[in-house]
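Good morning, colleagues. Please look at the sequence and the structure on the screen, and I shall then take you through several of its features.

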Amino acid sequence: MREPISRDARLTLDLALTIRHDGNGGVTDDLADPAGLTEWVRAHPELLPGTAPHPADGHREGFVAGTAPQAAGGEDPGTGFTADAAQLTAVRELRAAVRALFARAVRPGEPSPADAARLMPLAEAVRRLNEVAARTPTVPVLDWPEGATPLVRPKPVRAADDLSAALAHTVIAFLGSPDRDRLRACHAPRCVRYFLKEHPRQEWCKPSCGNRARVARHHQRHKVTA
């Protein structure tokens with residue numbers, strides 16, 4: 001039976017996975033520039049709910065099209081969210097903290113090889129995450145629709161458009177949840193992804209990684225016996 005993945009877990013994973021294998025033996029960064037962050041946020045409208053993207057706007061491969069949030073700069077609603085350099089820096093710094101905390105969460109397993117040799121110190125990662133989250137304080141709000149299970153969700157104390165703070169709240173919710181114990185780094189050849197185990201026997205992030213890992217093991221066994 002596959003375990004469900006919560007909204008907080010999915011968003012946090014998606015942020016971490018903007019650093020990924022490029023398909024050619026290297027690593028690429030989907031948040032290399034403001035345009036990349038713009039695309040990513042528009043694909044995650046739950047972060048800053050607001051306006052829809054312009055109909056002419058495209059989405060990078062792997063992103064899910066959706067309603068984009070209103071940008072803090074107050075641009076024309078038809079254009080949706082557009083990231084600037086300051087937002088890019090803030091989100092990239094938060095992502096660095098997230099990946100350092102992911103490396104701790106998967107212990108005693110090895111972290112993703114994408115940045116295992118240059119992780120942010122743990123104490124700095126915790127401090128940075130908490131400082132960013134503090135920009136937008138929240139209160140718990142009960143939501144109990146007729147015929148449904150009651151849910152508690154955080155609501156900003158004041159109107160907020162701080163992207164990195166919204167992300168930090170999501171990250172903290174994930175790291176403080178039981179989902180954290182399901183976090184793993186995929187160590188199939190050429191993969192640098194983190195993933196949540198969806199069933200007890202899962203070893204890799206996706207079937208194609210499992211296939212590559214089995215092929216690599218097969219070749220290694222034959223080299224040893226040759």
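Asp33 is partly exposed, because its relative accessible area of 32% lies between the limits of 20% and 50%. Please bear in mind that this is a predicted model. As to its place in the chain, Asp33 belongs to the loop that lies between strand E2, residues 27-29, and helix H2, residues 34-42.

Ala85 brings us to helix H3, which covers residues 85-105 and packs with helix H1, residues 7-16. The angle between H1 and H3 is about 105°, and their axes are 9 Å apart. H1 is therefore roughly perpendicular to H3. On the H1 side, the contact is made by Thr12, Leu13, Leu15 and Ala16. These meet Val91, Leu94, Arg95, Val98, Arg99 and Phe102 in H3. Sorted by class, the residues of this contact are seven nonpolar, one polar and two charged.

I turn now to a second pair of helices. How do the axes of H4 and H5 cross? Helix H4 spans residues 122-133 and helix H5 residues 163-175; their axes come within 8 Å and cross at roughly 125°. H4 and H5 are therefore oblique to each other, and their crossing is left-handed. From H4, the residues Leu129, Asn130, Val132 and Ala133 take part in the contact. Their counterparts in H5 are Ser164, Ala165, Ala168, His169, Val171, Ile172 and Leu175. The residues of this contact comprise eight nonpolar and three polar, with no charged ones.

Let us proceed to the strands. Strand E3, residues 138-143, runs antiparallel to E4, and six bridges join the two. Within this pairing, Leu142 has Val152 in E4 as its bridge partner.

Finally, I return to strand E2, where Val27 is found. Val27 has a relative accessibility of 43% and so counts as partly exposed. Leaving aside residues up to four places away in sequence, Val27 touches Ile19, Arg20, His21, Asp22, Ala114 and Val192. The C-alpha atoms of Val27 and Arg190 are separated by 9.2 Å, while the two residues are 163 residues apart along the chain.

Thank you for your attention.

Methods:
Residues are numbered from 1 along each chain as its sequence is written. This is a predicted model: local features need pLDDT of at least 70, side-chain atom pairs count only at pLDDT 80 or more; totals for chains, interfaces and linings use all residues. Side-chain values use heavy atoms; hydrogens and water are left out. Axes are lines fitted to C-alpha atoms, for helices over the stretch in contact, and angles run from 0 to 180 degrees between N-to-C directions. Helices (H or I, at least four residues) and strands (E, at least two) are DSSP runs, numbered from the N terminus. Angles under 35 degrees count as roughly parallel, over 145 as roughly antiparallel, 65 to 115 as roughly perpendicular and the rest as oblique. A crossing is left-handed if the near helix is turned anticlockwise from the far one by less than a right angle, and right-handed if clockwise. Contact means heavy atoms within 4.5 Å. Ala, Val, Leu, Ile, Met, Phe, Trp, Tyr, Cys and Pro count as nonpolar, Asp, Glu, Lys and Arg as charged, and the others, Gly among them, as polar. Buried means under 20% relative accessible area, exposed over 50%, partly exposed in between (1.4 Å probe, protein chains only). Two strands pair if DSSP finds at least two bridges between them.
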